[in-house]
Amino acid sequence: MQKTISLIPSEITTGQLHSYLLGAVGPRPIAFASTMDEKGIPNLSPFSFFNVFSANPPILIFSPARRVRDNTTKHTLNNVLKIKEVVINIVNFELVQQMSLTSTEYDQNVNEFIKAGLTMLDSDLVKPFRVSESPVQFECKVTKVEALGKEGGAGNLVFAEVVKIHIRESILDENGSIDQFKIDQVARMGGNWYSRANKGMFEVPKPLSKLGMGVDNIPEEIRLIKMLTANDLGLLGNVERIPDNNDLDEFIATNDQIRSIVKNKDTRELHRIAREYLDNNKILSAWKVLLINTELNGNTRKN
């Protein structure tokens with residue numbers, strides 16, 4: 001068993017706790033929040049305590065936390081408490097450095113759009129400006145602000161109901177959906193680290209509409225194969241049934257490579273091929289290879 005440290009939040013400093021939380025919970029999407037004060041002065045600031053929480057009604061929530069060092073509140077929070085409107089702009093890789101610059105704590109009267117070299121674009125239904133360079137912009141009405149505490153580090157949940165969405169056409173696919181590669185989003189991690197989504201994207205197919213048989217139904221001799229990871233077992237368990245003898249016979253009969261390996265009883269090569277199938281998401285083929293491997297290792301067939 002690997003060594004771990006165990007912590008009680010109240011027994012470490014808020015700064016330490018903040019660091020652990022942000023280092024462990026990520027990557028986090030970024031709300032590039034545009035607000036306005038009662039004098040009409042724009043403010044633009046990023047927040048990584050952010051996500052979408054409802055589609056009907058469409059609700060986004062982000063959280064401007066109280067500053068840890070001196071327990072003061074941020075301009076964004078002050079603004080949405082007075083002018084209950086916000087534009088949440090999505091951050092892509094092209095924007096990341098300018099976005100980072102706006103996180104600087106400028107004075108209330110400083111316009112971060114100008115400081116970061118970003119273009120203010122009039123909104124249609126709310127007062128705050130949109131970021132023209134952002135690939136998706138959500139005009140929102142603030143329906144509620146819920147304080148989670150009064151001390152430094154405490155969050156303030158801003159409930160923002162989307163009233164209009166603006167999407168750059170160039171990030172859409174042929175079906176009119178947002179192309180997850182074209183949007184090129186970035187996400188926040190711990191410390192100074194970010195993640196660029198389309199450089200590290202991988203697909204996890206949703207579980208079957210019918211029940212997958214589950215990892216618990218994978219034969220023990222397969223579950224204990226050392227090369228199989230927990231993710232591999234999850235993939236293998238997400239099939240309706242284990243391939244039967246007829247499936248294996250047909251697979252061997254139509255696959256010269258497998259037939260040769262079976263003849264030579266090369267179990268190491270079968271492991272390599274199973275690994276290749278798993279890596280390419282060919283789960284049923286991986287199943288068949290693993291079952292053939294168990295047969296070569298002396299396990300008898302079960303109809």
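In which handedness of crossing does H9 pass H10? In this predicted model, the crossing of H9 past H10 is left-handed. Helix H10 spans residues 283-296, and its axis comes within 8 Å of that of H9, the two crossing at roughly 165 degrees. The two helices H9 and H10 are therefore roughly antiparallel, since an angle over 145 degrees is counted in that class. On the H9 side, the contact is made by Thr267, Leu270, His271, Ile273, Ala274, Tyr277 and Leu278. The H10 side contributes Ile283, Ser285, Ala286, Val289, Leu290, Ile292, Asn293 and Leu296. By residue class, the contact of H9 with H10 comprises 11 nonpolar and 4 polar residues, with no charged residue.

Helix H9 (residues 267-279) also packs against helix H8 (residues 256-264), with an angle of about 150 degrees and axes 9 Å apart. H8 and H9 are therefore likewise described as roughly antiparallel to each other. The crossing in which H8 passes H9 is left-handed. Gln257, Ile258 and Ile261 of H8 form the contact with Glu269, Leu270, Arg272 and Ile273 of H9. The residues of this contact of H8 with H9 are divided into 4 nonpolar, 1 polar and 2 charged. Leu270 and Ile273 of H9 are listed in the contact with H8, and Leu270 and Ile273 are also listed in the contact with H10.

Turning to the strands, the model contains an open sheet of 7 strands in the order E2-E1-E5-E8-E9-E4-E3, with antiparallel pairing. Strand E2 (42-47) and strand E3 (50-55) are the edge strands, each pairing on one side only. From one strand to the next, the twist averages 30 degrees. Within this sheet, strand E4 (residues 58-62) runs antiparallel to strand E9 (residues 156-167), and 4 bridges join the two. Isoleucine 59 has glutamate 161 in E9 as its bridge partner.

The structure holds 3 aromatic pairs. One of these is formed by phenylalanine 47 and phenylalanine 62, whose rings are tilted, with a centre-to-centre distance of 5.5 Å and an angle of 40 degrees between the planes. Because phenylalanine 47 belongs to strand E2 and phenylalanine 62 to strand E4, the pair ties together parts that are 15 residues apart in sequence.

Several backbone features remain to be described. Most residues other than glycine have a negative phi, and most peptide bonds are trans. Against this background, a cis peptide bond joins glycine 26 to proline 27, with omega at about 0 degrees. Proline 27 is located in the loop between helix H1 (14-24) and strand E1 (31-36). A cis peptide bond also leads from asparagine 56 to proline 57, where omega is near 5 degrees. Proline 57 is placed in the loop between E3 and E4, of which E3 is an edge strand of the sheet and E4 is joined by bridges to E9. Aspartate 184, although not a glycine, has a positive phi of about 55 degrees. The loop that holds aspartate 184 is the one between E9 and strand E10 (186-188).

Terms used. Residues are numbered from 1 along each chain as its sequence is written. This is a predicted model: local features need pLDDT of at least 70, side-chain atom pairs count only at pLDDT 80 or more; totals for chains, interfaces and linings use all residues. Side-chain values use heavy atoms; hydrogens and water are left out. Axes are lines fitted to C-alpha atoms, for helices over the stretch in contact, and angles run from 0 to 180 degrees between N-to-C directions. Angles under 35 degrees count as roughly parallel, over 145 as roughly antiparallel, 65 to 115 as roughly perpendicular and the rest as oblique. A crossing is left-handed if the near helix is turned anticlockwise from the far one by less than a right angle, and right-handed if clockwise. Contact means heavy atoms within 4.5 Å. Ala, Val, Leu, Ile, Met, Phe, Trp, Tyr, Cys and Pro count as nonpolar, Asp, Glu, Lys and Arg as charged, and the others, Gly among them, as polar. Two strands pair if DSSP finds at least two bridges between them. Rings of Phe, Tyr and Trp (its six-membered ring) pair if their centres lie within 6.5 Å; planes under 30 degrees apart count as stacked, over 60 as edge-to-face and the rest as tilted.
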